[in-house]
2 protein chains.
Amino acid sequence: MDAALEVFSTYGYRGSTIDQIVQAADMSKSSLFYYFNSKTEVYVALLSETLEEWLKPLTQLDPAGDPLQEIWSYIERKLDMSRTNPKASRLFANEILHGAPNIMSILTGELKALVDEKCQTIQLWIDQGKLAQVSPYHLIFMIWATTQHYADYEVQVDTLIGDDCDKRFADANQTLKTIFLNGLLPR
Amino acid sequence: MDAALEVFSTYGYRGSTIDQIVQAADMSKSSLFYYFNSKTEVYVALLSETLEEWLKPLTQLDPAGDPLQEIWSYIERKLDMSRTNPKASRLFANEILHGAPNIMSILTGELKALVDEKCQTIQLWIDQGKLAQVSPYHLIFMIWATTQHYADYEVQVDTLIGDDCDKRFADANQTLKTIFLNGLLPR
DNA sequence: CTATATTTCGACCAAACGGTCCAGTTTTTT
DNA sequence: AAAAAACTGGACCGTTTGGTCGAAATATAG
């Protein structure tokens, strides 16, 4: 699965070949096909495996906590995942970009249920005057977009600011904190 | 080129076949190879063609204008491009996601020069106390990420909020406006 | 009209790819 | 130790894919 993640996240589904994966995994093609019946099966197994970890940060958003604190913690967790596991982020980016043909059921099921639930929490916070009046859904999209950007567009970020990885994420953290926390302050 | 954009933006470079493109363009394979020498040449031509239009909004950021007004105009232009030409956005997303093998020279050349220049402008605004203290580069990344998200992750957005396209972009606009303008206010 | 350049077409090719097969080896179970 | 199960390697196969070729059709020029 490590080899599959390495290859699929770099070249996408169609861009990856079985030969690349077995070579990266240092095994033979028949060995792989002993465990999986097709290329798609490897890909879907990898997607499913990674997806669970991917949803965790949002589940931790606590309705009982302080709104601004909770949201900022969520942003930090997501940003940290982009730094520590950019390949997983790119794997999903590829899948979604191509229309999510393999995980559509998870999007409409598990993910939608989770997002709907958390958006209710956020809406409650807004109604209580603890957050600026924004659309909870679009707020979550903003958080996803800004944090995953550092994984998905790593090459571009790397090209435009030469900084080493640590400084880059520290600066990103500070800018996100300023804009999100300042921006979400109720007026 | 329309057919190429349609196909490449949907399936990515490796995921697209010459046959798909010529079929979408309603022409024969040899006809296509009369104009282009290879699949890559079609792809690069399309990328270059689209890239020019893509950079326009940033060039219009006016150093002489009102900082918050200028940045908000830029955001609106970018968001509008995601709505009117999502395929172009996805074409680039694919390319960058895979390491930008075909447009690296543009990233390090033209794009970097433009971004560096505009970041100087933004830094000046910050130094004059007209904007909150953020990293100009990461601010631009935030703008790119949040606006292009609606094109690149259209399927996911569509799945999670059932709204029609118009309402969706109106809500996105309002949320981005609140958070960015509120967030960038100097304190 | 004739000749030249441009454009189109279907047939074809070689390489790459996903996947199969089977004979053999290693590991586990009894 | 014997038998069964799990696992591996490499040769092989059919399809897809990027790309070629030459002949025919169409347009342009003198």
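In this predicted model, the element that gives the most to the surface near DNA strand D is α3(A), which supplies four residues. At least two residues of that surface come from each of α3 (29-35) of chain A and α3 (29-35) of chain B.

Altogether, 14 residues surround DNA strand D, and the closest of them are S30(A) and Y34(A) from one chain together with I18(B), K29(B) and K39(B) from the other. Of the atoms of DNA strand D that come within 4 Å of the protein, 50% belong to sugar and phosphate.

Individual polar contacts with DNA strand D involve both phosphate oxygens and a base oxygen, as set out below.

| Residue | Protein atom | Atom of DNA strand D | Distance |
|---|---|---|---|
| R14(A) | side-chain N or O | phosphate oxygen | 3.5 Å |
| S28(A) | backbone N or O | phosphate oxygen | 3.4 Å |
| K29(B) | polar side-chain atom | base oxygen | 2.6 Å |

K29(B), whose side chain makes the contact with a base oxygen, is also listed among the residues closest to DNA strand D.

As for the arrangement of the protein chains, chain B is superposed on chain A by a rotation of 180° with 0.0 Å of shift along the axis, at an RMSD of 0.0 Å. This is the relation of a two-fold axis. Within chain B, the C-alpha nearest the axis belongs to G183(B), at 1.8 Å from it. Both copies use the same surface, since 100% of the contact residues of chain B recur in chain A.

Key. Residues are numbered from 1 along each chain as its sequence is written. Chains are lettered from A and ligands numbered from 1 in the order in which they are written. This is a predicted model: local features need pLDDT of at least 70, side-chain atom pairs count only at pLDDT 80 or more; totals for chains, interfaces and linings use all residues. Side-chain values use heavy atoms; hydrogens and water are left out. A residue is near a molecule or strand if one of its heavy atoms lies within 4 Å of it. A polar contact is a pair of N or O atoms within 3.5 Å; within protein, one must be able to donate a hydrogen and the other to accept it, and residues adjacent in sequence count only if both atoms are side-chain atoms. Copies are superposed by least squares on the C-alpha atoms of residues with pLDDT of at least 70 in both. Contact means heavy atoms within 4.5 Å.
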